[in-house]
Amino acid sequence: MNELIMVVEFYPNKNMAAIHINRVVPSISGYSSDKIDEGFQSLFDSLNSIDGVVRVSSGDKYEISFQKGHVFSWDEIIPK
């Protein structure tokens with residue numbers, strides 16, 4: 001298996017961002033999800049546990065999107 005590569009992209013909507021990943025990401029949202037393996041479940045759980053993150057989802061094959069609350073800044077959420 002090739003090396004895991006992730007790239008963060010910030011959307012024009014200043015409260016939304018995405019992590020692009022070089023592996024197929026299972027579809028997951030607040031409403032339903034595919035069966036996901038332990039590694040992806042851990043990633044989704046980690047993102048959801050960050051103070052300020054209000055939503056984590058994936059509908060695109062190689063992307064996990066997440067949204068922050070309006071009162072938080074990305075500097076508070078994303079480590080340097």
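## An aromatic cluster

Phe10 counts as partly exposed because its relative accessibility is 44%, where partly exposed covers the range between buried, under 20% relative accessible area, and exposed, over 50%, for a 1.4 Å probe and protein chains only. Phe10 belongs to one aromatic cluster together with Phe66 and Trp74, and the structure holds two aromatic pairs. Rings of Phe, Tyr and Trp (for Trp, its six-membered ring) are taken as a pair if their centres lie within 6.5 Å, and the pair is called stacked if the planes are under 30 degrees apart, edge-to-face if they are over 60 degrees apart, and tilted for the rest.

The ring centres of Phe10 and Trp74 are 5.4 Å apart and the planes stand at 65°, so this pair is edge-to-face. Because Phe10 lies in strand E1 (residues 6-10) and Trp74 in helix H2 (residues 74-77), the pair ties together parts that are 64 residues apart in sequence. Phe66 and Trp74 also form an edge-to-face pair, with 5.6 Å from centre to centre and 85° between the planes. Both Phe66 and Trp74 are buried, and for Trp74 the relative accessibility is 14%. Lys68 lies over the face of Trp74, at 5.8 Å from the ring centre; for a charge to sit over a ring, NZ of Lys or CZ of Arg must be within 6 Å of the ring centre and within 35 degrees of the ring normal.

## The model and its overall layout

This is a predicted model, in which local features need pLDDT of at least 70 and side-chain atom pairs count only at pLDDT 80 or more, while totals for chains, interfaces and linings use all residues. Residues are numbered from 1 along each chain as its sequence is written, and side-chain values use heavy atoms, with hydrogens and water left out.

The protein has two helices and four strands, and from the N terminus on these elements run in the order β-β-α-β-β-α. Helices (H or I, at least four residues) and strands (E, at least two) are DSSP runs, numbered from the N terminus. Of the 80 residues in the protein, 34% are buried. The protein exposes about 5600 Å², of which carbon and sulfur atoms supply 53%, with areas computed by the Shrake-Rupley method with a 1.4 Å probe, and for residues only the protein chains shown count as cover. Among contacts (heavy atoms within 4.5 Å) with a separation of 6 or more, 43% come from residues 24 or more positions apart.

## The nonpolar core

In soluble globular proteins, nonpolar side chains tend to be buried together. A nonpolar core is here a set of buried Ala, Val, Leu, Ile, Met, Phe, Trp, Tyr and Cys residues joined through side-chain atoms within 4.5 Å. The largest such core has 14 residues, of which Val25, Phe44, Val56, Ile64 and Phe66 touch the most other members. Strand E2 (16-21), helix H1 (38-48), E3, E4 and H2 each supply at least two residues of this core.

Phe66, leaving aside its neighbours within four places in sequence, is in contact with residues including Met16, Ala18, Ile19, Val53, Val56 and Trp74. Ile77, placed in helix H2, counts as buried because its relative accessibility is 7%. Not counting residues up to four places away in sequence, Ile77 touches Ile50, Asp51, Gly52, Val53, Lys68 and Phe72. The C-alpha atoms of Ile77 and Leu47 are separated by 9.6 Å, although these residues are 30 residues apart along the chain.

Ser58 lies in the loop between strand E3 (53-57) and strand E4 (63-68), and with 4% relative accessibility it counts as buried. A polar atom of the Ser58 side chain lies 3.4 Å from the backbone oxygen of Pro26, and this side chain also reaches the backbone oxygen of Asp60 at 3.4 Å. Beyond its neighbours within four places in sequence, Ser58 is in contact with Val25, Pro26, Ser27, Ile28, Phe44, Glu63 and Ile64.

Ser65 lies in strand E4 and is buried, with a relative accessible area of 14%. Residues up to four places away in sequence aside, Ser65 touches Met16, Ala17, Ala18, Arg55, Val56 and Ser57. Ser73, in the loop between E4 and H2, counts as partly exposed at 31% relative accessibility.

Conventions: A polar contact is a pair of N or O atoms within 3.5 Å; within protein, one must be able to donate a hydrogen and the other to accept it, and residues adjacent in sequence count only if both atoms are side-chain atoms.
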